[in-house]
Amino acid sequence: MGKDQFVIPHEKGWAVKGAGNKKATKIHKTQKEAIKHAKKIAKNQESEVVIKGRNNKIRQKNSYGND
């Protein structure tokens, strides 16, 4: 099982960041683009996507592993 992927607010839009990583994997202009990218990674790694809102609170989680 791979690292969970987080979609988080970023000064330039929205970032996709692997759990425990210091740097973002990629920055996107929209949250929709970031979610799409995070899902692709999570499906490949059989992990989870955690989506946070502008207030930095978790608003949704999706699992792509073998729970």
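## Strand pairing and the sheet

Val49 has Asn62 of β5 standing opposite it. In this predicted model, β4 and β5 are antiparallel partners, paired over five bridges.

The sheet is open and consists of five strands, ordered β3-β2-β1-β4-β5, with mixed pairing. β3 (26-28) and β5 (58-63) are the edge strands; each has a single partner strand, so one side of each lacks a neighbour in the sheet. From one strand to the next, the twist averages 20 degrees. Helix α1 packs on this sheet and touches β1 (5-10), β2, β3, β4 and β5. The direction of α1 makes about 160 degrees with that of β1.

## Nonpolar core

Ten residues make up the largest nonpolar core. They are Val7, Trp14, Val16, Ala34, Ile35, Ala38, Ile41, Ala42, Val49 and Ile51. Two or more of these residues come from each of β2 (13-18), α1 (31-45) and β4 (48-52). The helix α1 gives the most, with five residues. Val49, the residue opposite Asn62, is a member of this core.

Ile51 also belongs to the core. Beyond its neighbours within four places in sequence, Ile51 is in contact with Val7, Gln31, Ile35, Lys57, Ile58, Arg59, Gln60 and Asn62. Of these contacts, Val7 and Ile35 are likewise listed in the core.

## Gln31 in the helix

Gln31 is located in helix α1. Its relative accessible area is 17%, and the cut-off for buried is under 20%, so Gln31 counts as buried. Outside the four places on either side in sequence, Gln31 is in contact with Val7, Trp14, Ile51, Lys52, Gly53 and Arg59. Among them, Val7, Trp14 and Ile51 are core residues.

The side chain of Gln31 is joined to that of Arg59 by a polar contact of 3.0 Å. Arg59 is also in contact with Ile51. Met1 and Gln31 are 30 residues apart in sequence, and their C-alpha atoms are 25 Å apart in space.

## Ser47 in the loop

Between α1 and β4 runs a loop that contains Ser47. With a relative accessibility of 2%, Ser47 is classed as buried.

Neighbours within four places in sequence aside, the contacts of Ser47 are Met1, Gly2, Lys3, Asp4, Ala42, Asn62, Ser63, Tyr64 and Gly65. One of these, Ala42, is a core residue. Another, Asn62, is the residue of β5 opposite Val49.

Technical notes: Residues are numbered from 1 along each chain as its sequence is written. This is a predicted model: local features need pLDDT of at least 70, side-chain atom pairs count only at pLDDT 80 or more; totals for chains, interfaces and linings use all residues. Side-chain values use heavy atoms; hydrogens and water are left out. A nonpolar core is a set of buried Ala, Val, Leu, Ile, Met, Phe, Trp, Tyr and Cys residues joined through side-chain atoms within 4.5 Å. Buried means under 20% relative accessible area, exposed over 50%, partly exposed in between (1.4 Å probe, protein chains only). Helices (H or I, at least four residues) and strands (E, at least two) are DSSP runs, numbered from the N terminus. Contact means heavy atoms within 4.5 Å. Two strands pair if DSSP finds at least two bridges between them. Axes are lines fitted to C-alpha atoms, for helices over the stretch in contact, and angles run from 0 to 180 degrees between N-to-C directions. A polar contact is a pair of N or O atoms within 3.5 Å; within protein, one must be able to donate a hydrogen and the other to accept it, and residues adjacent in sequence count only if both atoms are side-chain atoms.
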